[in-house]
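Subject: A structure for you to explore

Hi there,

Here is the structure I promised to pass on to you. Please open it beside this email, and then read on for what was found in it.

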Amino acid sequence: MTAASSRRAVEARPSVVRRRVGLTALAVGCLLTASCKPQIKLVPAGGTFTIGGKPAGNITLQFMPEYAKPDAASGAKGAGGGPTSYATTDAEGRFTLRTYDNRDGAVPGPHLVTAVDLDEERPAQGKERTRPPRLDSKYSMGAYAIRVSVEEGKPLTIDVPPPAR
């Protein structure tokens with residue numbers, strides 16, 4: 001290495017150090033703010049789930065925020081999106097929503113809700129059920145999801161009809 005190239009390498013080093021310090025500061029800043037993107041507003045949310053008016057315990061509910069369509073008149077985009085929330089009902093059908101990243105609540109606005117009965121009998125292939133299902137399995141599919149609107153301070157009441165026999 002010649003004296004000139006050695007001198008250029010030494011002179012270039014401070015800019016490399018400054019760049020690394022800057023990138024490190026940016027990374028630490030992102031970690032301290034938990035993320036570089038804005039946090040989505042959540043509101044406390046919960047309520048009751050019933051089947052044919054009777055409280056239904058041990059039902060898992062999944063609340064998926066709907067993307068609102070743009071307003072036809074103004075073209076403005078509506079609210080929507082955000083994390084999915086979930087809950088499992090207690091014996092009285094009550095539930096309190098949490099997000100999958102363990103935050104309390106749900107995104108305010110319209111949601112599609114799927115429901116799965118954790119107590120449903122699932123016999124082995126070729127075996128018959130010994131008791132009828134209490135929740136129609138269609139509610140576990142997005143195409144038949146229940147539509148609700150989550151609003152701050154307003155408890156949710158979800159009632160679905162019992163399955164046809």
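How many salt bridges does the structure hold? The structure holds 10 salt bridges. Before we visit some of them, please keep in mind that this is a predicted model.

**The overall picture**

Let's begin with the chain as a whole. The protein chain has 1 helix and 9 strands. Reading from the N terminus, the order of the elements is α-β-β-β-β-β-β-β-β-β. The chain has 165 residues, and 28% of them are buried. Its accessible surface is about 11200 Å², with 57% of that belonging to carbon and sulfur atoms. If you take the contacts with a separation of 6 or more, residues 24 or more positions apart account for 69% of them. You will meet several pairs below that link separate parts of the chain.

**Salt bridges**

Next, look for R147 and E66. They form a salt bridge too, with 3.3 Å between the closest N and O atoms. R147 belongs to strand β8, and E66 to the loop between β3 (59-65) and β4 (85-88), so the two tie together parts that are 81 residues apart in sequence. Is R147 buried or exposed? R147 is exposed, because its relative accessible area is 59% and the word applies over 50%.

D119 and R134 make another salt bridge through their side chains, at 3.7 Å from N to O. D119 and R134 both lie in the loop between β7 (109-117) and β8, so this bridge ties together parts that are 15 residues apart in sequence. D119 is partly exposed, with a relative accessible area of 36%. R134 is partly exposed as well, at 28%.

Salt bridges can also be joined up: D90, E92 and R94 are linked in a network of them.

**Aromatic pairs**

Now for the rings. A pair of aromatic rings is described by the distance of the centres and the angle of the planes. The count here is 2 aromatic pairs.

In one of these pairs, the rings of F63 and F95 have centres 5.9 Å apart and planes at 40°, so the pair is tilted. F63 is in strand β3 and F95 is in strand β5 (residues 94-96), so the pair ties together parts that are 32 residues apart in sequence. Both F63 and F95 are buried.

What about Y86 and Y100: how far apart are the centres of their rings? The centres are 4.7 Å apart and the planes are at 20°, so this pair is stacked. Y86 lies in strand β4 and Y100 in the loop between β6 and β7, so to speak of distant parts of the chain, they are 14 residues apart. Y86 counts as partly exposed, at 27% relative accessibility, and Y100 is exposed, with a relative accessible area of 53%.

Start with T99, which lies in strand β6 (residues 98-99). T99 is buried, because its relative accessible area is 0% and buried means under 20%. The side chains of T99 and D101 are joined by a polar contact of 2.3 Å. Setting aside neighbours within four places in sequence, T99 is in contact with L42, P83, T84, S85, Y86 and G105. Y86 in that list is the residue whose ring is stacked with that of Y100.

Then try G46, which has its place in strand β1. G46 counts as buried, with a relative accessibility of 16%. Leaving out neighbours within four places in sequence, G46 is in contact with F95, T96, L97, P155 and L156. F95 is also a member of the tilted pair with F63. Finally, the C-alpha atoms of G46 and G105 are separated by 7.9 Å, although the two residues are 59 residues apart along the chain.

Enjoy looking around, and write back with any questions!

Best wishes

Conventions: Residues numbered from 1 in each chain as written. Predicted model: local features only at pLDDT ≥ 70, side-chain atom pairs only at ≥ 80, totals over all residues. Heavy atoms only, no water. Helix = DSSP H or I, 4+ residues; strand = E, 2+ residues; numbered from the N terminus. Buried < 20%, exposed > 50% of the residue type's maximum accessible area, 1.4 Å probe, protein only. Polar contact = N/O pair within 3.5 Å; in protein donor to acceptor, adjacent residues only side chain to side chain. Contact = heavy atoms within 4.5 Å. Areas by Shrake-Rupley, 256 points an atom, 1.4 Å probe, with all protein chains shown as cover. Salt bridge = Lys/Arg side-chain N within 4 Å of Asp/Glu carboxyl O. Phe/Tyr/Trp six-rings, centres within 6.5 Å; stacked < 30°, edge-to-face > 60°.
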